[in-house]
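I opened this notebook to record what I looked up in the structure shown here.

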Amino acid sequence: MKRPGVIVLIALLAIVVLTIAVGVIFWPWVSGWLPQSEFLESWISYLVVDLDIGRWGPVATLLLVALIELVWALSLGRKSESVERHLKRIGRNHAKDIELLDREMALIKDERTALLAELDLREDLVREEQARLWAQFEELEHAMAQSPRGTADAYNPGLSILKSTMIRHGQPELPLRLRSEWLRVISQLERIEVITSVSVRANHAAAQQSHHADGLLRLGDACHTLGQFERALAHYDKALEHGTVSQEALINRAVVKLDLGRHQAALQDLDRALKLGESAWAYLYRGLIQEHLGEERRAQDNYSKAIRLEPTLVEAHFRRGFGHLRAEEYERALHDESNVIELDSEYAMAYAVRGSARAALGDVQRAMSDLDKACSLAPRLPGPFLHRGLVERKLDMHEEALTDIARAIELDPESAVAYMARGEIHAAMGRQSQAIASFDRAIELDPKQVSAYDARGKARAALSEYELAIEDYHQALQLEPAFAIGLANRGAAYQQLGKHEQAITDLDLALSLDPNLAPAYYARALAYGSRGEYDKASRDLDRAAELDPSYIEKGQGLPGRGSAEANSMSSGGKNRK
């Protein structure tokens with residue numbers, strides 16, 4: 001900003017210059033008004049002429065310029081002094097700000113030190129509480145190990161792989177006090193895990209990450225044992241997200257998904273686990289899933305791989321033997337289940353499956369001994385009673401079979417197989433209404449069970465409810481279009497209703513699928529006979545009797561057939577054999 005003295009000096013110079021310029025320009029008009037104008041004119045003439053102002057003009061100009069520069073230099077000097085004073089003032093203010101900031105930083109450091117000390121104290125308290133809870137957790141593990149055999153098998157802290165509910169046999173319920181205490185400890189540990197996961201300092205995070213993941217895996221194991229499958233899955237997901245992906249963790253998460261019924265997701269985890277290396281348990285569980293999905297051959301291959309890797313893996317021997325039983329490979333089933341019993345003499349289901357295999361091979365006495373042993377070893381397991389009931393049914397021991405099947409249903413009210421077996425026993429005893437009630441329940445539990453619709457259809461046909469029977473056969477064929485016996489049964493029902501064309505169509509298709517289906521030949525013979533086509537009927541009766549001699553007597557009731565003809569058909573059938 002300009003000084004006032006400099007401004008005044010410049011103003012005066014400007015006034016002088018302006019006055020001279022105005023005087024020179026307006027002199028002719030002004031001179032007439034001035035007193036003694038001649039004197040002024042003489043003086044100006046003296047200045048211009050005598051002093052030769054033209055000579056002195058440049059000098060005067062230089063002097064004027066020098067004067068202006070002097071004034072400007074003085075002004076700049078004053079300005080520089082002002083700037084220096086301003087800078088000094090800023091420096092003093094900056095020093096004060098730095099001092100203030102230093103004091104604030106010192107306070108912040110003190111507060112940070114105090115907060116870190118408090119955080120360390122809290123972390124120590126959290127660790128102490130966590131250690132106390134884990135100690136309780138381990139005590140509960142020990143209590144589990146001392147519990148009845150089935151529960152101890154379900155949760156064994158020394159075993160790194162979980163046992164699915166699909167392979168636990170005869171597991172009793174946990175005592176209510178033990179279960180409640182374990183759930184309380186797990187809930188508290190879960191809260192601590194959440195707190196530590198968001199409050200751990202960065203410099204401690206790397207060191208605690210692995211420990212945190214291990215804790216989550218242990219919580220997942222315990223939740224699975226308690227049947228808290230969704231809760232267990234959440235722990236496994238977090239552990240695998242934050243920790244190292246190990247083969248055991250992937251297999252255990254697959255087990256949890258398997259028990260939740262998420263079979264495809266479980267298969268994905270098992271495939272990932274097997275990419276990390278072969279594992280007998282991974283093969284076992286993959287086989288279980290494939291067995292559930294109806295892929296029997298692939299399941300058997302996986303069980304064999306599990307046995308190759310771990311020959312003492314009892315469950316793999318058992319599942320493979322059970323698969324052989326379903327495939328009617330009874331000698332192989334007997335061999336596998338005998339291996340199971342050699343490895344574990346108290347494995348109840350192995351006795352049950354071996355007993356069923358022996359019964360199929362005709363060794364009834366030893367079969368019943370095995371089945372009785374299975375039921376005595378696992379009185380709260382439905383499987384042994386179901387197997388014994390099925391064997392008793394085949395031996396026409398209907399009342400004993402009903403008692404065992406009823407016990408199996410009591411132990412497992414959701415067993416569609418048990419209701420199906422009870423219905424078949426009632427049907428064999430001529431109790432069709434009771435059979436239909438059991439089949440109804442079996443279908444309710446498993447709406448995609450083809451054999452249940454077929455069995456109910458036969459029971460309804462036995463009560464002459466042919467329209468309802470046809471509906472059942474139709475439903476079975478909707479589920480399995482190539483179901484030959486279902487086509488034969490529907491054709492027989494159509495024949496009973498007098499719908500011979502539809503009957504013959506179904507029976508022709510049934511025989512194209514299974515040329516050795518004796519009931520289809522007999523039903524078609526009846527349809528041909530009803531239409532008066534006795535030659536065709538006779539050929540079909542001959543073929544039915546050839547396949548099943550019980551149709552010899554049934555054929556005598558066909559129109560145009562007599563006792564002699566039936567005998568002739570019988571002898572003709574024998575000759576063809």
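**Entry 1: a helix and its surroundings**

I found that 12 of the 13 residues of H12 are buried, so this helix is largely enclosed by the rest of the structure. Buried means under 20% relative accessible area, exposed over 50%, and partly exposed in between (1.4 Å probe, protein chains only). Helices are DSSP runs (H or I, at least four residues), numbered from the N terminus.

I noted that the model is predicted: local features need pLDDT of at least 70, side-chain atom pairs count only at pLDDT 80 or more, and totals for chains, interfaces and linings use all residues. Residues are numbered from 1 along each chain as its sequence is written, and side-chain values use heavy atoms, without hydrogens and water.

H12 covers residues 314–326. Its buried residues include Phe-318, Arg-319 and Leu-325. I looked up their packing partners, which are helices H10, H11, H13, H14 and H16 (contact means heavy atoms within 4.5 Å). Glu-328, which follows H12, has a positive phi, near 60 degrees.

**Entry 2: salt bridges**

I used this rule: a side-chain nitrogen of Lys or Arg within 4 Å of a carboxyl oxygen of Asp or Glu. The count comes to 35 salt bridges.

Arg-253 pairs with Asp-269, with the closest N and O atoms 2.9 Å apart. Arg-253 lies in helix H8 and Asp-269 in helix H9, so the pair ties together parts that are 16 residues apart in sequence. Arg-253 counts as buried at 11% relative accessibility, and Asp-269 is buried at 3%.

I also recorded a salt bridge between Arg-456 and Asp-472, at 2.8 Å. Both of these residues are buried.

Technical notes: Helix = DSSP H or I, 4+ residues; strand = E, 2+ residues; numbered from the N terminus. Expected span 1.5 Å × (residues − 1).
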